[in-house]
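Thanks for making time this morning.

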Amino acid sequence: MAHYYMEPSRTFSEFLLIPNLSMKDHNPANVTLKTPIVKFKKGEQSDISLNIPFSSAVMQAVSDDGMAVALARSGGISFIFGSQPIESQAAMVRKVKGYKAGFVVSRSNMTPEQSLKDILALKKVTGHSTVAITDDGTPNGKLLGIITGRDYRLSRDPLTKLVKDIMTPFSSLHYGKSGITLSEANDLIWEHKLNCLPIVDEQQKLEFLVFRKDYDEHKENPSELLDSNKSYIAGAGINTMDYKERVPALVEAGVDVLVIDSSDGFSEWQSETVQYVKANFDVKIGVGNVVDREGFLYLVESGADFVKVGIGGGSICITREQKGIGRGQASAIIEVAEARDEYYEKTGIYVPICSDGGIVHDYHITLALAMGADFVMMGRYFARFDESPTRKLKVGNNYVKEFWGEGSNRARNWQRYDSGGKQSLVFEEGVDSYVPYAGSLQSNLDKTLAKIKSTMCNCGAKSLEELKQKARITLVSATSLVEGGAHDVILKDNTLSGE
Ligand code: IMP
């Protein structure tokens, strides 16, 4: 006989937080949103913690290298979409790992044996007045000198004059060492009145140039999510079909965390994939999605570093309509968080969980965190911003961005959904849609984070850990939902005149 869950499946909108006593120091400025994303033992720290509990969805319309850089800069993580050829996904990861705000790879380079004529020709093409002179003329060759417009006089120097006789040689240059931060580089620039500071490694090989003019634009963000080399942390999605080819390429590109992207993760395929990755690579791997205790424990026993929770709640998702599987996101999180805590009690191993999909209002994020999620994953939220990879269009009077599901025909993501080996979907599990354009990631994030921190203060919590322990959450009735919005007033809008 079938097993019945007679309690209804609940969504975030059915709950509210009840304030606790706030003390004077419950001030948003004192709140930290730091959160672990990979498993750790009691008394130890997670190898990777986010500075804000946000990840962007493994979706073509959301997470490319541009979003990954923007979100890591703000303290979160993107999982670059896996529904693309292995080489292009690895190239995106490589870009994120190689990106350093304010540090640019030199684009005008020459060898010492070239001439002033060559310099002028190059300048005409690139427009750059600073040329790096390296032994092989490449951007990362051994740095031998720098030439700027101040090093030659066109009225006097013959065009045949050699670069090596014009350049300021390395022995006279001020330079920064590999690993220097942007603010340290900026200090050197000011101290020595430079326009450009080359950064070299121990073999004198050129890594980057830092320009005086770039500092204000790229000032370091205190929340940036960096690895020990000061590169951004990068995540990437994989599937349970081509992982033996995809994972090595992603690891080679420097990926920090993988996640298996699947609409239903409670499967032997996922277990096998995690075990393969853990046996062959030193890389973190999350799995999912599941919606109950059994699914969570199965994947944890398989070796998962974190578990993603949610089936059918995504904004573009039609899985529930098409297949009749899924669970209200709040109910799923509550049950899995309880299983995670029991597992921790029993084994001393904490396995973070991610609430994936279904976030509509900013307060849903706070609720997910209060219910026990360690971080959230969002698609629609991020798709609205300048940094998402899709086109911005004008539809009627409104600007929108394109946003489609990984289970829509448009994504052509055969690996995420079981199509019986066919290169087509038998039926779709996602739609192709628009979302309202909302501007830049940072300006939206600032508001969302301010709301979360403010609510945490209302709940008497200065950390997410404290929020989980102290939160008091109430179910709301259908009629009290009406009470929650503006009601029984005439809203002012532009159509009213004569005031
Ligand atoms: P959102 O934040 O509500 O937009 O949900 C995003 C999540 O929806 C993703 O992280 C995926 O878990 C899920 N998802 C993405 N594409 C599809 C789809 O086509 N069908 C069902 N779920 C999807």
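Let me begin with the criterion: rings of Phe, Tyr and Trp (its six-membered ring) pair if their centres lie within 6.5 Å, and planes under 30 degrees apart count as stacked, over 60 as edge-to-face and the rest as tilted. Ring pairs of this kind join Phe54, Tyr381, Phe382 and Phe385 into a cluster.

Please keep in mind that this is a predicted model, in which local features need pLDDT of at least 70 and side-chain atom pairs count only at pLDDT 80 or more, while totals for chains, interfaces and linings use all residues. Residues are numbered from 1 along each chain as its sequence is written, and side-chain values use heavy atoms, with hydrogens and water left out.

The ring rule gives a count of 14 aromatic pairs. Tyrosine 276 and phenylalanine 281 have ring centres 6.1 Å apart and planes at 65°, so that pair is edge-to-face.

For polar contacts (pairs of N or O atoms within 3.5 Å), a side-chain N or O atom of serine 315 lies 2.6 Å from a ligand oxygen, whereas from the backbone a polar atom of glycine 358 is 2.9 Å from an oxygen atom of the ligand, and an N or O atom of glycine 379 is 2.7 Å from a ligand oxygen. The protein covers 96% of the 500 Å² of accessible area that the ligand has on its own, with areas taken from the Shrake-Rupley method with a 1.4 Å probe.

Key. A polar contact is a pair of N or O atoms within 3.5 Å; within protein, one must be able to donate a hydrogen and the other to accept it, and residues adjacent in sequence count only if both atoms are side-chain atoms.
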